[in-house]
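Subject: Structure handover

Hello,

Here is the structure for you to look at. Please open it next to this message and follow along as you read.

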Amino acid sequence: MKRIAIIGSCDTKHREVAYMRDLIEAEGIEVLVIDVATGPSPSYGYNVSREEVVEAAGTKWSELEPKSKGEKIAFMMEAAADYVEKIYREGKIDGILSAGGLQNTVMATNAMKRLPIGFPKVMATTVASGKKTFDLVVGDKDIVTIPSICDFTGLNLVTRQIMANACACCIGMVKTAGAILKKGRKPVVGITLMGITNTGACAAVDELERLGVEVIGFHSTGVGGAIMEQMAADGLIDGILDLTTHEITEGYFGSGFSYGEGEKYRLIKGVSKKVPLVVSCGGLDFIDFAVGEFPPRMEERVYMMHNASMAHIKLLPDEAELTTARFTERLEKIDYPVKLLIPTDGMRHNTRKGEELYYKEVDDIIIRQLKAIKNKNVEIITIPGNLDTEEWGICAAHCMIDELRERGVIGDEIQYGKPDNG
């Protein structure tokens with residue numbers, strides 16, 4: 001019989017947990033309730049006690065209980081995650097579910113993030129509301145997130161329906177889908193793109209698929225690149241065509257639409273596993289900010305409105321020096337052969353002469369620094385034209401094929417012309 005784990009604080013939220021248990025068991029699925037309560041009140045309705053969770057992590061509850069609330073929560077977060085990961089590896093659960101406020105959300109999703117992509121994970125949460133981002137909830141995993149609309153203060157007409165929907169979602173995945181990702185026979189390449197590099201990137205996708213490669217696109221707006229890096233590190237991707245490294249620039253500013261904590265993993269996690277890599281500078285030359293949140297020195301800047309609320313803003317020359325240095329610093333540390341592709345006429349659309357974001361001095365600064373990379377493992381290839389064109393994307397795809405072939409991922413059966421070295 002299939003089994004769904006429910007993570008819950010069975011002291012203050014035991015009624016909500018019992019309600020979800022009844023709904024799931026009514027569908028012929030077993031339930032394993034894991035108590036993660038850290039308060040002084042007794043817990044009810046669990047299968048795995050908080051004492052068991054803590055002891056599995058090598059500590060007795062009597063030792064943890066006197067500690068501060070923050071210390072207990074921090075310990076329980078990791079202890080619960082360890083416990084869930086263990087029972088998943090033992091094949092004891094087929095899905096995982098939770099509902100609650102901030103504390104329970106952080107506790108439950110920390111465990112869910114340990115589980116592979118494709119495994120059913122559902123979180124009904126108060127956190128998914130207002131201006132809060134989903135970073136805290138989903139991280140780099142496929143956690144289905146359901147806004148709770150109101151707080152979980154017992155059973156009422158709202159919470160009953162929200163929890164019923166969350167249960168139905170998890171039940172449906174467990175019964176009819178819920179397979180973790182498994183690679184097929186085709187080699188798999190991850191590619192980064194945004195709207196501003198979409199034409200070039202999609203041309204690369206089409207060409208790679210024509211040549212027999214499966215391609216996964218990742219939107220480089222705060223978390224996409226980090227997810228690609230993690231999938232590469234997990235062995236789900238055979239090669240990375242990192243055309244749009246815009247997140248690294250956004251990381252320097254620490255804010256903006258495309259900023260995300262995952263930026264710190266860019267050109268690092270996949271590299272740590274020596275995944276075949278072809279990288280370029282798509283979007284390295286701009287930042288994106290909402291109206292009302294513009295960076296200083298706007299009177300000096302070249303920018304264009306991307307839509308009614310968001311502007312694309314070209315870097316200033318001094319910013320280009322600093323942000324490109326962050327990019328090249330990571331490339332200088334790579335200890336296996338990779339390819340760096342440099343366009344001659346713009347790193348995104350709207351950047352050619354006469355277009356809104358044309359700023360030759362900035363582009364020249366970035367290209368000069370890229371060409372000054374001293375790491376002998378980085379093969380620098382200049383591809384004429386603008387990165388966001390079909391011709392450029394096709395050339396980039398061919399470079400990816402070359403890299404896969406050189407690294408032994410594919411054979412010599414694919415033939416085509418190659419771009420000139422710069």
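Start with the open sheet, which has three strands in the order S10-S12-S11. The pairing is antiparallel. Keep in mind that this is a predicted model.

Which strands stand at the edges of the sheet? They are S10 and S11, and each has a single partner strand. One side of each is therefore left without a neighbour in the sheet. The strands are also turned: neighbours sit at 25° to each other on average, with direction ignored.

S10 covers residues 286–290, and S12 covers residues 310–314. These two strands pair in the antiparallel sense over five bridges. For one place to look, find isoleucine 287, whose bridge partner in S12 is isoleucine 313.

First, some background. Most residues other than glycine have a negative phi. Two residues here are worth checking against that.

One is arginine 297. Its phi is near 70°, a positive value, and arginine 297 is not a glycine. Where does arginine 297 lie? Look in the loop between strand S10 and strand S11 (303–305). Arginine 297 has 30% relative accessibility, so it counts as partly exposed.

The other is isoleucine 149. Its phi is positive too, at about 70°. Isoleucine 149 belongs to the loop between strand S5 (144–147) and helix H7 (157–176). Is isoleucine 149 buried or exposed? Its relative accessible area is 71%. The cut-off for exposed is over 50%, so isoleucine 149 is exposed.

**The largest pocket**

Next, turn to the largest pocket. Its volume is about 590 Å³. How many residues line the largest pocket? The count is 23. Nearest its centre lie Lys113, Asp140, Lys141, Gln230 and Lys269.

Two elements give two or more residues to this lining: helix H4 (69–89) and helix H9 (224–233). H4 gives the largest share, with three residues.

What classes of residue make up the lining of the largest pocket? Ten are charged, nine are nonpolar and four are polar.

**Where to click**

- Isoleucine 287 in S10 and isoleucine 313 in S12, for the bridge.
- Arginine 297 and isoleucine 149, for the positive phi values.
- Lys113, Asp140, Lys141, Gln230 and Lys269, for the centre of the largest pocket.

Best wishes

Terms used: Residues are numbered from 1 along each chain as its sequence is written. This is a predicted model: local features need pLDDT of at least 70, side-chain atom pairs count only at pLDDT 80 or more; totals for chains, interfaces and linings use all residues. Side-chain values use heavy atoms; hydrogens and water are left out. On a 1 Å grid over the protein atoms alone, a cavity is a set of points where a 1.4 Å probe fits but cannot get out, and a pocket is an open set with protein on both sides within 12 Å along at least five of seven lines; lining residues have an atom within 4 Å of a point. Grid points are joined across faces, edges and corners, and a volume is the space filled by probe spheres set on the points. Helices (H or I, at least four residues) and strands (E, at least two) are DSSP runs, numbered from the N terminus. Ala, Val, Leu, Ile, Met, Phe, Trp, Tyr, Cys and Pro count as nonpolar, Asp, Glu, Lys and Arg as charged, and the others, Gly among them, as polar. Buried means under 20% relative accessible area, exposed over 50%, partly exposed in between (1.4 Å probe, protein chains only). Two strands pair if DSSP finds at least two bridges between them. Axes are lines fitted to C-alpha atoms, for helices over the stretch in contact, and angles run from 0 to 180 degrees between N-to-C directions.
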